[in-house]
Amino acid sequence: MESSPQMVHERGGQEETPQRQSGASTASAALAREIAELWGEHLDSPGVGPQDDFFALGGNSLAGIKIIERVLQDHGVRLSVRDFYLAGTPAKVAELIEQGRAGT
């Protein structure tokens, strides 16, 4: 069973989001660029692009956890470690964030 991003409510509860739809990306380019900048901060790699691969940039589990926590803090969406690693690029992580937001 595949997990999906969850929107975290201020009361502390969580809500499941609908399953991912295949097809065109619905993530905004601005959000993908924002996530790319976040990756650049945590991977000490300026100039990360929306299609750059986390592991090819030197990403590791500690950096991944820090990025996941920052996404929760900044966007209120809890990503599973599995989903984050499978996404692999800032653009796909942005899609997960938008899916988490849509679940409200």
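The protein contains four helices and three strands. Read from the N terminus, these elements follow the order β-β-α-α-β-α-α. Of the 104 residues in the protein, 42% are buried. The accessible surface amounts to about 6000 Å², and carbon and sulfur atoms account for 50% of that area. The contacts also show how the chain folds back on itself: among those between residues at least 6 apart in sequence, 60% join residues at least 24 apart.

The average pLDDT of the protein is 82, and 73% of the residues score at least 70. Over residues 9-26, however, pLDDT stays under 50, although the model has 30 contacts beyond four places in sequence for this stretch. Where pLDDT is low, the predicted coordinates should not be read in detail.

For Ile35, the contacts beyond four places in sequence are with Val71, His75, Pro90, Val93, Ala94 and Ile97.

Several of these partners of Ile35, including Val93, Ala94 and Ile97, are also among the buried residues of helix H4. The buried set of H4 consists of Pro90, Ala91, Val93, Ala94, Leu96, Ile97, Glu98, Gln99 and Gly100. Helix H4 covers residues 90-102, and its length can be checked against expectation: at 1.5 Å a residue, its 13 residues should span 18 Å, and its end C-alpha atoms are 18 Å apart, which agrees. The expected figure uses one less than the number of residues in the helix.

The model has seven aromatic pairs, counting rings whose centres lie within 6.5 Å. One of them joins Trp39 and Phe84 in a tilted arrangement, with 5.7 Å from centre to centre and 55° between the planes. This pair links distant parts of the chain, since Trp39 belongs to helix H1 (residues 29-43) and Phe84 to helix H3 (residues 81-87), 45 residues apart. Both Trp39 and Phe84 are buried.

A further pair is formed by Phe54 and Tyr85, whose ring centres are 6.0 Å apart and whose planes meet at 35°, so the pair is tilted. Planes under 30 degrees apart would count as stacked, and planes over 60 as edge-to-face. Phe54 lies in the loop between H1 and helix H2 (61-75), whereas Tyr85 lies in helix H3; the pair therefore ties together parts that are 31 residues apart in sequence. Trp39, Phe54, Phe55, Phe84 and Tyr85 form one aromatic cluster.

Three further positions complete the picture. Arg70 is located in helix H2 and counts as partly exposed because its relative accessibility is 27%. Its contacts beyond four places in sequence are with Leu38, Glu41, His42 and His75. Arg70 and Ile35 are 35 residues apart in sequence, and their C-alpha atoms are 10.0 Å apart in space. His75 is a contact of Arg70 and also of Ile35.

The loop between H1 and H2 holds the other two positions, Gln51 and Asp44. Gln51 has a relative accessibility of 58% and so counts as exposed. Beyond four places in sequence, Gln51 touches Thr89 and Ala91. Its C-alpha atom is separated by 8.2 Å from that of Lys92, 41 residues away along the chain. Asp44 is likewise exposed, with a relative accessibility of 71%. The backbone at Asp44 has a positive phi of about 50°, although this residue is not a glycine.

Conventions:
Residues are numbered from 1 along each chain as its sequence is written. This is a predicted model: local features need pLDDT of at least 70, side-chain atom pairs count only at pLDDT 80 or more; totals for chains, interfaces and linings use all residues. Side-chain values use heavy atoms; hydrogens and water are left out. Buried means under 20% relative accessible area, exposed over 50%, partly exposed in between (1.4 Å probe, protein chains only). pLDDT is the predictor's confidence in each residue, from 0 to 100. Contact means heavy atoms within 4.5 Å. Accessible areas come from the Shrake-Rupley method with a 1.4 Å probe; for residues, only the protein chains shown count as cover.
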